[in-house]
Amino acid sequence: MAAHGAVLSLCRFIKPFGGGRLGNTVKVFGTTLTSHRNKSGLNGDNIPPPAKYGGRHTVTLIPGDGIGPELLNHVREVFRFSCVPVDFEVVHVNSALETDDDMNNAITAIRRNGVALKGNIETKHTLPASVKSRNNVLRTSLDLYANVMHCQSLPGVQTRHKNIDIMIIRENTEGEYSSLEHESVSGVVESLKIITRNNSLRIAEYAFQLARDKGRRRVTAVHKANIMKLGDGLFLQCCKEVASGYPDITFDSMIVDNTTMQLVSKPQQFDVMVMPNLYGNVVSNVCAGLVGGPGLVPGANYGRDYAVFETATRNTGKSIAGRNIANPTALLLASCMMLDHLELNDHATSIRNAVLTTMNETRLHTADIGGQGTTLEVVQSIMRIIQSKGQLTSEF
Amino acid sequence: VHRFIGCAAIVSRVLGSFKNGSPQPRNFIREMQTVTLIPGDGIGPEISNAVMKIFEAANAPIEWEERNVTAIKGPGGKWMIPPDAKESMDRNKIGLKGPLKTPIAAGHPSMNLLLRKTFDLYANVRPCVSIEGYKTPYTDVNLVTIRENTEGEYSGIEHLIVDGVVQSIKLITEQASERIAEYAFEYARNNQRASVTAVHKANIMRMSDGLFLRKCREAAEKHKDVKFTEMYLDTVCLNMVQDPTQFDVLVMPNLYGDILSDLCAGLIGGLGVTPSGNIGANGVAIFESVHGTAPDIAGKDFANPTALLLSAVMMLRHMGLHSHGKKIETACFDTIRDKKVLTKDLGGNSKCSEFTEAICQKVRDMD
């Protein structure tokens, strides 16, 4: 244990000198050493909720760009109204700047508080390639390795497919999003997709543990191992290894193009899906589209020590920003997931029920799901429903 | 009259051989054009027969040259397609291919990959149009996916760095991106499509997809009559399943193309009804059905020839034989819409031969 600690501190010592490839090798090495600590599998329950000071939690809030700021203001309004014991520490990140100071402040704040709620930070891809996507930097620095998204058909929303109930678990740190690119010869660019055994085992373990905890029957791994034999082959092999430890759960695999075809014709056949980063991006967006759009589905990023909640499809929504037409459902449901994580389950249930009642019974919809309501009307309806349930609330 | 036509045919064929690049429409004289036919495995031979019968009923000026492309080991130990197949393809420039099986432990790479490398088939074009008689939750789909077919994530370059860490290399080159972007705009122009959308993930893969996007923008500058937009892959997926009518022509690198073209095929009813064409350098074009060989129903007359038939129609359009293409396509869609004679996968219980005969009858009735 002492030797382990010594090597870990050695890793941290090497890191600043690493940079580039060596730094990433050290990161992998670091993962190797620390991974044995979380053998029990995590799904947000084993991470102890952050400490409470005076009975109130502090949560980092990153407004982001586009519709993020206005919707997060609504979330704060609903929390204030419902007397939720959560204080928000707001950290602004300016996406137009090239320096990393903003981002580093945000990451430090999340390390301090342990939990964050964020809007999407825009990535201007006119900036040079050395400026990485800020959202990606956040996920990799905090090692938020599992992105969990639960797509459920809502009875109040008109969609082509009914009775969808899919949980998508997406590896969140490596794969195609490693941001390792170089131009070896002029006109020839190589982008590296990294798959490691440790991260694949970790995410597979997470998926199966979550499936067991939620009482799910089947886990499907999505891959393209017929073409990327080594990379996705390794991922698939890790999934199979973990599957053998969970005999009560059926495991099968499907190639990603067949998966998308099946999703648009018969999405009811899927239960829990686990996959590497890029396929996760595609599949989660397809599923979000199937249940009604980006305004409805919340997403959570879990790491060993931190958790960050946001919308599942991570859109900035620049074109609808500031017009009071954005759908607050996704961020409100994400904040409910955060409240569950902080073990404030009563508040989480009351807000979630109010949101779903507005969606399914009152049928007050915003424009993206075919209604005429404004964001403010929906939020006020939610607050009225919370009040009507008889809980302690402050003034409107 | 016959001798005159014969002379003119020889003259035009000689003239044709001096032209390089894309094949010119040669429909002012009714000469027979030879097309290489690769029946394939499994249900391949029976659906190829169906297509040949329908073409005969339509009096299409096509002569078929059948070839087999099972891989053989050439001198030097490299796997290659049989030389007579290659020679036939190089001569005819146009091919129609049925499904090929890839045996698992045969030692040679996938046949499709081999064909792609041999003829440098750089663009995979898949038009996805909703079929009126075949109901899916999505109606009014009318889009085309153009996928870069040679590089990108499918370059097959992978390394095991240390035990437990694998890297796959995604290769994007300026040349290939330029080629596919040019092709996409040319296709849009030749087929009266209003807009081209580039699909990318340049926010994450800044340099590689950034290069692809730059080349698309440059091609857009040269083709100002076609509208150009760019969209993130996840946004395209999200919008595609909610409202596919907003998309027209989509151009993208290899992996995104693979996923999106299959997604679009799923929207219109699956691989059994989706045509596909591969365009190569030097004017070579191979049209194919993208479904599998279905060995369980091979030889039992259950197969559905629609995918191969629609690919053959695509081929006719590519060759400039628009009237024949329209005739056969209309006959096929009418047969499906009537719902009287349908194969099992389309919801009926007729045999392949009955379905084929129904289409032939409709074609003959049109004349």
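**View 1. The open sheet of chain B.** In this predicted model, 10 strands of chain B form an open sheet with mixed pairing. The strand order is β2-β1-β5-β14-β13-β6-β7-β12-β10-β11. The edge positions belong to β2 (62–66) and β11 (227–232) of chain B. Each has a single partner strand, so one side of each is left without a neighbour in the sheet. Direction ignored, neighbouring strands of this sheet are turned by 25 degrees against each other on average.

**View 2. Helix α5 of chain B on the sheet.** Helix α5 of chain B, residues 174–190, packs on the sheet. The helix touches β6 (121–129), β7 (142–148), β10, β11, β12 and β13 (275–280) of chain B. Its direction makes about 160 degrees with that of β7(B).

**View 3. The β10–β12 pairing in chain B.** Strand β10 (residues 195–200) and strand β12 (residues 249–252) of chain B run parallel. They are joined by 3 bridges. Within this pairing, B:V196 stands opposite B:V249 in β12(B).

**View 4. The contact between chain B and chain A.** Chain B contributes 50 residues to the contact, and chain A contributes 58 residues. Together the two chains bury about 4,500 Å², with 65% of it on carbon and sulfur atoms. Which three residues supply more of the area that chain B buries against chain A than any other three? They are B:I204, B:R206 and B:M207, with 16% of that area.

View 5. How many salt bridges are counted between chain B and chain A? The count is 1. A:K224 forms a salt bridge with B:D258; the closest N and O atoms are 2.7 Å apart. Between chain B and chain A, 18 residue pairs are in polar contact, both residues at pLDDT 80 or more. On chain B, the side that touches chain A draws at least two residues from each of β8 (158–162), β9 (165–173), α6 (206–222), β11, α7 (233–242) and α8 (254–268). By class, this side of chain B has 28 nonpolar, 11 polar and 11 charged residues.

**View 6. Strand pairing between the chains.** Strand β7 of chain A, residues 188–196, is joined to β9(B) by 9 bridges. The two strands run antiparallel. A:L192 stands opposite B:I169 in β9(B). Strands of a sheet pair through backbone hydrogen bonds, either parallel or antiparallel.

Definitions and conventions
Residues numbered from 1 in each chain as written. Chains lettered and ligands numbered in written order. Predicted model: local features only at pLDDT ≥ 70, side-chain atom pairs only at ≥ 80, totals over all residues. Heavy atoms only, no water. Pairing = 2+ DSSP bridges. Helix = DSSP H or I, 4+ residues; strand = E, 2+ residues; numbered from the N terminus. Axes fitted to C-alpha atoms, helices over the stretch in contact; angles between N-to-C directions. Contact = heavy atoms within 4.5 Å. Buried area = accessible area lost by both parts, 1.4 Å probe. Salt bridge = Lys/Arg side-chain N within 4 Å of Asp/Glu carboxyl O. Polar contact = N/O pair within 3.5 Å; in protein donor to acceptor, adjacent residues only side chain to side chain. Nonpolar A, V, L, I, M, F, W, Y, C, P; charged D, E, K, R; others polar.
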